[in-house]
Amino acid sequence: MHTADFNYDLPSDLISQRPPEHRDQSRLLLLNRLTEKVFHRHFSDLLQFLKAGDVLVLNNSRVIPARLRGMNPKTGGKLEILLVKENQTNDWWAMLRPGKRAPIGTRIDLSRADQNKLGIFATVADLNAEGHRRLCFSGTKNVFNELDWLGEVPLPPYIERAVPLAEDRERYQTVYASQTGGMGSVAAPTAGLHFTNELLETIKLHGVEIHQVTLHVGLGTFAPVKTDSLIDHVMHEEHFEISRETATAINKAKTEQRRVIAVGTTTVRTLESVARKNCGALVAANEKTKIFIYPPCQFQIVDALITNFHLPSSTLLMLVSAFTAPGETRGRDIILSAYQKAIEERYRFFSYGDAMLIL
């Protein structure tokens, strides 16, 4: 299949710029994979589609304030830094904007909107084929430990902000986010943004098991596909963990033919990565994955998926297309038809947008 096969037209005013007042008041589009029928609900109605014995799996990775601001002291040019991957303490790969202002050897003085000089610097040490810069930080023992006060919420570029709003610190984070693993995510696992603690507790009382995995969202999740053919696209590595407790619980559910419901594409990628290496079973794992799921693809663990509405021609849209019709390519047509209905019904799209439940 080709990247262009997953393109669609989206009115710009449907790109959600702010979260809803209450997390679980987002709308929920229900897509039945067998009948291809679409139903319109609200996320707070989710319990109607869950049953006792189901296993709901969440990605508990925590978003770090990975966006930094700086200035080239020689030219006065301002730079925006997005930390992508830590190599070791104070040594990171990062995306810089505008990159042309930061050749190798450039020193960047970090700053915040409310202060000019912070005494923390970054030097561009290397440049890779994708245009990412390797930054060596000084003026601090560990820049990772400074991010809570120094960094900003790494909102995606389609959310237009001069600076992040105060509410972004809370709302661009799931209520159950807990794991950074020395890194954390540079983008939110957005399907989980719709859950409240109260809704999760109600789901548990309904007899649904809730378990967690960790996948730290990096470039592998949101980097654009630049190749014409999907088979030529290579994902970036992302770190994930599955505990023995979670693996055992999900294996038991599969043996007993109970549903496993993944919250988000990152959860799907975590579960299916391990299952592919272990003959369809899960084991405790602390590894990295470059799995790229696109049609046609069979799924070994996940039976239902809660997800958001994804960007055109993105790897996320390709994954949900594969899930909609496992082992076939027609899932793309089903998903794009559902997206068109969502556009007609004025659903809100992308990170702060509405949700979809694929059963």
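Let's start with the aromatic cluster: Tyr8, Tyr158, Phe309, Tyr339, Tyr347, Phe349 and Phe350 come together as one group. Keep in mind, everyone, that this is a predicted model.

Within that cluster, let me pick out Phe309 and Tyr347, both of them members. Both residues are buried: Phe309 has a relative accessible area of 1%, and Tyr347 comes out at 0%. Their rings form an edge-to-face pair, 5.7 Å centre to centre, with 65 degrees between the planes. Where do the two residues lie? Phe309 is in the loop between β14 (304-308) and α7 (315-324), while Tyr347 is in the loop between α8 (331-344) and β15 (355-358), so the pair ties together parts 38 residues apart in sequence.

The charged end of Arg27 sits over the Tyr347 ring, 4.0 Å from its centre. You can find a second example of that arrangement at Arg107, whose charged end sits over the ring of Phe121, 4.1 Å from the centre.

Now, how many aromatic pairs turn up in a search of the whole structure? The count is 13. One of them joins Trp92 and Phe144, and this pair is stacked, at 6.4 Å centre to centre and 10 degrees between the planes. Trp92 belongs to strand β6 (residues 91-97) and Phe144 to the loop between β9 (133-138) and α1 (147-150), so here the parts tied together are 52 residues apart in sequence.

Are these two buried or exposed? Trp92 is buried at 0% relative accessibility. Phe144, at 18%, also counts as buried, because the cut-off is under 20%.

Thanks, happy to take questions!

Notes
Residues are numbered from 1 along each chain as its sequence is written. This is a predicted model: local features need pLDDT of at least 70, side-chain atom pairs count only at pLDDT 80 or more; totals for chains, interfaces and linings use all residues. Side-chain values use heavy atoms; hydrogens and water are left out. Rings of Phe, Tyr and Trp (its six-membered ring) pair if their centres lie within 6.5 Å; planes under 30 degrees apart count as stacked, over 60 as edge-to-face and the rest as tilted. Helices (H or I, at least four residues) and strands (E, at least two) are DSSP runs, numbered from the N terminus. Buried means under 20% relative accessible area, exposed over 50%, partly exposed in between (1.4 Å probe, protein chains only). A charge sits over a ring if NZ of Lys or CZ of Arg is within 6 Å of the ring centre and within 35 degrees of the ring normal.
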